[in-house]
Amino acid sequence: MRRPAPDVLDSQDHHNNLLTSILAKIEANVAGADDAVMLDSRGFVAETNATHLFLVTAGHLGTPTAAACPEGITRAAVLELAADAGIPHAAGDYSLTQFYAADEVS
């Protein structure tokens, strides 16, 4: 399920843009999955219907940009902890293929 673009519905206004998350969760439940992966309007991973996503590939921590989802306290804390621990990390555009191929996803 794709998140609408900011000119349609601003993802930073999280309290009033839950329709796509609810529809995605229903779709995931029907498919027997716990959560649904939400994409931004360009097709890159944004988050799940309920939480931020992180991937680890070759010791590098990545997370999608906050362009199509709220920043989030947990997301900021994880990135801060990674910086403090000297773990290479970046927020960027990640494809579904990159998530499938990652060493770890959380």
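**Reading burial, loops and contacts**

Author: A58 is exposed, at 71% relative accessible area; buried means under 20%, exposed over 50%, and partly exposed in between (1.4 Å probe, protein chains only). This is a predicted model, where local features need pLDDT of at least 70, side-chain atom pairs count only at pLDDT 80 or more, and totals for chains, interfaces and linings use all residues. Residues are numbered from 1 along each chain as its sequence is written, and side-chain values use heavy atoms, leaving out hydrogens and water.

Reader: Where does A58 lie, and what is its phi?

Author: Helices (H or I, at least four residues) and strands (E, at least two) are DSSP runs, numbered from the N terminus. A58 is in the loop between β3 and β4 (60-64). Its phi is near 50°, a positive value in a residue other than glycine.

Reader: And H52, buried or exposed?

Author: H52 counts as buried, because its relative accessibility is 14%. You'll find H52 in the loop between β2 (45-48) and β3 (55-57).

Reader: Which residues is H52 in contact with?

Author: Contact means heavy atoms within 4.5 Å. Leaving aside neighbours within four places in sequence, H52 is in contact with E47, C69, P70, E71, G72, R75 and S106. For E71, the backbone oxygen lies 3.2 Å from a polar atom of the H52 side chain.

Reader: How many helices and strands does the protein chain have?

Author: Three helices and six strands, running α-β-β-β-β-α-β-α-β from the N terminus on. Of the chain's 106 residues, 33% count as buried.

Key: A polar contact is a pair of N or O atoms within 3.5 Å; within protein, one must be able to donate a hydrogen and the other to accept it, and residues adjacent in sequence count only if both atoms are side-chain atoms.
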